[in-house]
Amino acid sequence: MNPEKYNPKDILKGYARNSVSGERNLGGGRITVFPSKEHWDKSWRDGQTTLLTFDGPSREEVNARVTQKVLEMGRKYGIEFWLADDTYEMHSSLTFIYPGHDITDKERTDLYKKIEADPETKAVLERMSGPIKLDFKYLLINGNNITLNAVEIPESIVSFRRSMGRILAKYNLPVIHTLENFLHITIARIKKLPTENYEERMKQFRKELRALRHEISKNPIQLETTGKIFMGTNPLEIP
């Protein structure tokens, strides 16, 4: 990862691009849905990730102010979701790697174990221990996901991502999903879209989602992490 690339101004620009693209694709029916967990991308299930988890009060606030409202919109307009704290524990990814499809499962597992056992990795994880307070204020459609996004990324997270990038370079691994200028929580992944009156239903859904976005932007959601960094595969899936 190139430290010079990080620019806080790019955060809002990136979110705006994703929001416009996400709404356009959803309105035109050009998104991939996930009718079952087997349809989730293999890299998401088998990649190695580092991520933040959130304390109980934070998760309750997101559920009340965002998740349940999105769920109710879905019921109204015939959209079904995989939801945070239902299908997977609510979290925010810091780094993500996937070596590709050209190695065996055992080779991939052995590689992940080496990275986790690396003294540099352990030192970087230790430096990131301790609760962090974060403000999330931008709700958007990002591909086939609905995400809640932080606008300001603390220096501790920026430094962590850069350090992990240097460690992974020793193993000839690019951080393919660094989220360099992004920090978000995936509130929902779209499972099913309406089969009738699609255009009108999507129009109303997008309208209500924008209204919720404005509501959150005016009153950002301050969350606190548990102080522990998860590192592993299949991030926090709830059976």
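A salt bridge here is a side-chain nitrogen of Lys or Arg within 4 Å of a carboxyl oxygen of Asp or Glu. The model is predicted, so local features need pLDDT of at least 70 and side-chain atom pairs count only at pLDDT 80 or more, while totals for chains, interfaces and linings use all residues. Residues are numbered from 1 along each chain as its sequence is written, and side-chain values use heavy atoms, with hydrogens and water left out.

By that rule, the count comes to 11 salt bridges. One of them joins Glu-72 to Arg-75, with 3.8 Å between the closest N and O atoms. The two sit 3 residues apart in helix 3, about one helical turn; helices are DSSP runs of H or I, at least four residues, numbered from the N terminus. Glu-72 is partly exposed at 42% relative accessibility, and Arg-75 is exposed at 60% (buried is under 20% relative accessible area, exposed over 50%, partly exposed in between, with a 1.4 Å probe and protein chains only).

Helix 3 (residues 56-77) also holds Arg-65 and Glu-61, 4 residues apart and again about one helical turn. Their side chains meet in a salt bridge at 3.4 Å, N to O. Here Arg-65 is buried, at 15%, whereas Glu-61 is partly exposed, at 29%.

Over in helix 4, Asp-110 and Lys-106 lie 4 residues apart, about one turn, and their side chains pair up at 2.8 Å, N to O. Asp-110 counts as partly exposed at 31%, and Lys-106 as exposed at 59%. Finally, salt bridges link Asp-46, Asp-105 and Arg-108 into a network.
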